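The exercises below ask you to read a structure step by step. Work through each task on your own before you turn to its solution.

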Amino acid sequence: GVVVLRDIQQPSLGPLLAFGSPRRPFQSFGEIERGVQLAGHWLQRLHASHSTFGSPVPALRRYLDSRTAMFEAMPDDFSARLCAAADACPDGSITITHSDFNGWNILFDGAKLCIIDHGISEWTEMSPAWDVATFLVWIRTCAHRTARSPLFWFPRLVDRLESSFIEAYGDRSLVSSPTFAVCAAIKYSMIYASLVSQSPAYARRCFEKARSCLQHTSASRTGF
């Protein structure tokens, strides 16, 4: 079917997490957590609506092959490792994905969500790890990028948001999978490439995160 959205007045979850409520930045954590939990529930229902078994590798390679700017910004040895890790992703669940599931595409009024901007050109179905990694990497990078974020000074609250999202999504094992680690590494690499000339110190942190993810592709934790 077709869903038509019109006259949507809800703000996005993005600025709420990045900057907090302008009048009560630190008191807005409960509202942020509620939005994150609802996002986890919504994503689980999307992924559960259609699932098959297959390989995420072809879709990942199409994505990487179209990101020449990212590879130009990365060290050659890391680029090769990233491609090798993507090629080694095991077969698993393939679902309908949003594919750009971050807080800027989640409209939230404190009670209800509205999800916008579905899809990218490389695929319509992919490992659910891509959407989960996209959201969790967004939480961590958004919270750490600016001191205006209510989470910047309290890293444990970032951990709590991630845990709340994973619990709401309902599949903790996905976050320990090699495919999740690869997806998170790709997302961090994209952020690094886009910021390396504007904010080199922060971009370097993202690169270290990407490298950490690759180091955990065959381990029980991803280190994202």
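A residue counts as buried when its relative accessible area is under 20%, and as exposed when that area is over 50%. Keep in mind throughout that this is a predicted model.

**Exercise 1.** Determine whether N105 is buried or exposed, and describe which residues it touches.

*Solution.* Begin with the position in the chain: N105 lies in the loop between β2 and β3. Next, take the relative accessible area of N105, which is 8%, and compare it with the cut-off of under 20%; N105 is therefore buried. Then look at the surroundings, leaving aside residues up to four places away in sequence: N105 touches H98, D100, C114, I115, I116 and D117. For one of these, I116, the C-alpha to C-alpha distance from N105 is 5.2 Å, although the two are 11 residues apart in sequence. Finally, follow the side chain of N105, which reaches the backbone oxygen of D100 at 2.9 Å.

**Exercise 2.** Carry out the analysis for S99, and find the residue whose side chain forms a polar contact with that of S99.

*Solution.* S99 is placed in the loop between β2 (92–96) and β3 (106–108). With a relative accessible area of 2%, which is under 20%, S99 is buried. The side chain of S99 is joined to that of T97 by a polar contact of 2.8 Å. When residues up to four places away in sequence are not counted, S99 touches G119, I120, W123, W130 and D131.

**Exercise 3.** Work out how helices α3 and α5 are oriented to each other, and which classes of residue make up their contact.

*Solution.* Helix α3 covers residues 57–65 and helix α5 covers residues 76–87; they pack at an angle of about 155°, with their axes 9 Å apart. Since an angle over 145 degrees counts as roughly antiparallel, α3 and α5 are therefore roughly antiparallel to each other. At the contact, V57, L60, R61 and L64 in α3 meet L82, C83, A86 and D87 in α5. Sorted by class, this contact has six nonpolar, no polar and two charged residues.

**Exercise 4.** State the order of the strands in the open sheet, and identify the edge strands.

*Solution.* The open sheet is formed by three strands in the order β1-β2-β5, with antiparallel pairing. Its edge strands are β1 (51–54) and β5 (125–126), because each pairs on one side only. Between β2 and β5 there are two bridges in the antiparallel sense, and I96 has E125 in β5 as its bridge partner.

Key. Residues numbered from 1 in each chain as written. Predicted model: local features only at pLDDT ≥ 70, side-chain atom pairs only at ≥ 80, totals over all residues. Heavy atoms only, no water. Axes fitted to C-alpha atoms, helices over the stretch in contact; angles between N-to-C directions. Helix = DSSP H or I, 4+ residues; strand = E, 2+ residues; numbered from the N terminus. Parallel < 35°, antiparallel > 145°, perpendicular 65-115°, else oblique. Contact = heavy atoms within 4.5 Å. Nonpolar A, V, L, I, M, F, W, Y, C, P; charged D, E, K, R; others polar. Buried < 20%, exposed > 50% of the residue type's maximum accessible area, 1.4 Å probe, protein only. Polar contact = N/O pair within 3.5 Å; in protein donor to acceptor, adjacent residues only side chain to side chain.
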